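Please open the structure in a viewer and keep the selection panel at hand.

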Amino acid sequence: MSRTTLIIKNDIKRRLKAPMATVLFLVIPMAMTALIGMIFNPGSGNETKLPAIKLLLVDKDKGLASKFLIGAFDQKEIKDMFQMTLVDEAEGEKLMKKGKASAMLIIPEHFSDDLAEQKTSTLEVVKNPAEEFLPGVAEEFANTMAVGLSAIAQVFADELKIIRSASKLDLEAISIAELTPFLEMARIKIIALKSYLSPLLLQLKTSTTAKPGKAVKPAGFNIFAYIMPGMLIMFLLFIIEAFMREIQSERGDGKIRRMMFSPLTTRELIAARLFSGWLMGVLICSLAMAMGTLLFRIDWGNPLLVFILVMVSCFWCAAFFGMLNAFFKNKNQAGAFSSPIILVFAAFGGSMLPLEQIPPGMRWLSKFTVNNWFITGSQQIMD
Amino acid sequence: MQQTILEIKNLSKSYGDITALANFSLNLGKGEVLGLLGPNGAGKTTLISILSSTLLDFTGTVAFKGQDLFSDRRLKNLIGIVPQEMAFYEDLGALENLMFWGGLYDIPEKELKKRALELLAVVELSARAKEPIKKFSGGMKRRLNIAIGLVHQPELLLLDEPTVGIDVQAKVNILDIIRNVGQQGTSVIFTTHQLSEVEQICSRIAIMDKGVILAEGTLAKLIRIVGEKEIVDVSGEFTADSFSEIIKLADGDGIEILSIADNQALLAFANSDRIPAMMQHLFKHHLHISDLKIKSPNLEAVFLKMTGRSLRD
């Protein structure tokens, strides 16, 4: 066993023999995440933004009305609510089976013609059974659209016929004088459009995919997933700092002197200390993330990317506090300086306040904090 | 002739204006137990720090078995150190500590374990080998501290005040261990404030102060420095100045002041017949004497004569 490995093994063994401090550091971020999450969760009456609903749209009509319907999804408010993807029916079914969307809306063939001719037409909504309520939102929206379009089609039936026939004519052949009576009629109808419309020309057919697909990842919806990365990196800083501060104790009580008297080189000692701090950080962070998944149902995203992020962040913490301890004279000095540094990192890096709420003048500071890197990185991986 | 294992030549080290070591030179033979005596600030710890490679900014040379001590890191496998501090992990057991500290040296694991178990028996800790050290008494911790310094079977052992803060029984145990180590052929440099310890276990004694060796040799050789004189330890209520003045007024032939401080003086008389006359002289000058002890020449007298101050100064 190399001397470096021996020191690392010894450090880990000692931590395992007295795990209370480590357990405490592990429990505190979980407790804080739970507490903050419970205060701000959707059930407590505060506004929480829903994630964009993934909706597949199959346009079998490709006419004026279907274009109007598709165009509706391009409106800003609707766009925020729906992430619409235009697909053909076969592809849509395939994606639904894979659970890649919350719902699929099928616009039938001759949809525009049927509307113009006041015939009944059916919009079909296929829902993802693996999801609880997002497909329901899509269905409700389609229903509203059907009511709206039915109303328009009924009230402006004459105008629609003219528009339909005009679309087949040369526009230059149509005079304004010929159109004026129809425009006047449309104006009167718009003013009078408060009466009840029945029956609806558009009907809604709802179905679900036979094979339950995977639930579409509700990105960002879990409030705990927003809070926990910030808490985790803050306490990771505390954990690794406490670990690296032991260098001061070992220097004070003669252990370093005794070690350096053995054939151990300075390089081996530094490598062992950095690796120990890093390893402890990675273990605790992994454990905390697993607990986050179990307790708060946090989906951390691609495990490989998350692991890389954790490894890099922990190494930065170990190296940073290893370097700081080279400047400190004793354990007390290290403790007195390190805690404020961690708190400043937490305040500017997004552990205490969401990054968006940090005053813009100070926001640039957060770019220099490991908290910001970790929080931004984990959110990007989760998205 | 005894083989020289350690040769220190012209070692100098200063901390700003303070000289810790000034052209310090010393030789140590194989199996020799050298007691290094000196008051606080004499340079003992600086010497140990240089020998243990934790202080590198110095001038002079240190040869270990004929080789520059600092040229080859592997030489460290042959030297053990027992620092003044309890330098081990208190949350681990004695055996775990021995395995860890021994593991830093180039010893195969199997051999290391055998050696660690043997040492635990030597320091009488076998029964509590697995118990966390934080539960140990001060004496047990000191014994373990020494065992860690010996776990890699060094040829030279540096002990920096290994008996500080322990009871008499524990001290006797530790001195026995050190004596046995020397008898088994390991050379030892032993710094202490306790003259009696040095008298008991050291084959050679060096008295140092202000970074230099003032006297060195066997106990008998050092005592000859004081000569065949009677040592008188006087205690009472007086100042150092008033005592000196009164002594000067007497016929001072054959009387030597070895050390003097307020309320305490150490005098050497070439002829013991003169002691009653001197006492009468002191009483005549109304000096209040509360205690007077007549001793044979000892290491304390030598130390006081050489340094002019007591070990605790």
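Begin in chain B by selecting strand S6 (residues 79-82) and strand S7 (residues 156-160), which run parallel and are joined by four bridges. Strands are DSSP runs of E of at least two residues, and helices are runs of H or I of at least four, numbered from the N terminus; two strands pair if DSSP finds at least two bridges between them. The model is predicted, so local features need pLDDT of at least 70 and side-chain atom pairs count only at 80 or more, whereas totals for chains, interfaces and linings use all residues. Residues are numbered from 1 along each chain as its sequence is written, with chains lettered from A and ligands numbered from 1 in the order in which they are written.

Next, select Ile81(B) and its bridge partner in S7(B), Leu158(B). Is each face of S6(B) covered or open? Both are covered: Ile79(B) and Ile81(B) on one side, and Gly80(B) and Val82(B) on the other, are all buried (20 or more other C-beta atoms, placed from the backbone, within 10 Å of the residue's own; exposed means 12 or fewer, partly exposed in between).

Finally, turn to where chains A and B meet: the contact (C-beta atoms, placed from the backbone, within 7 Å) takes 18 residues from chain A and 20 residues from chain B. On the side of chain A, helix H11 (255-261) and helix H1 (3-17) each give two or more residues, and H11(A) gives the most, with six.

Terms used. Contact = placed C-beta atoms within 7 Å.
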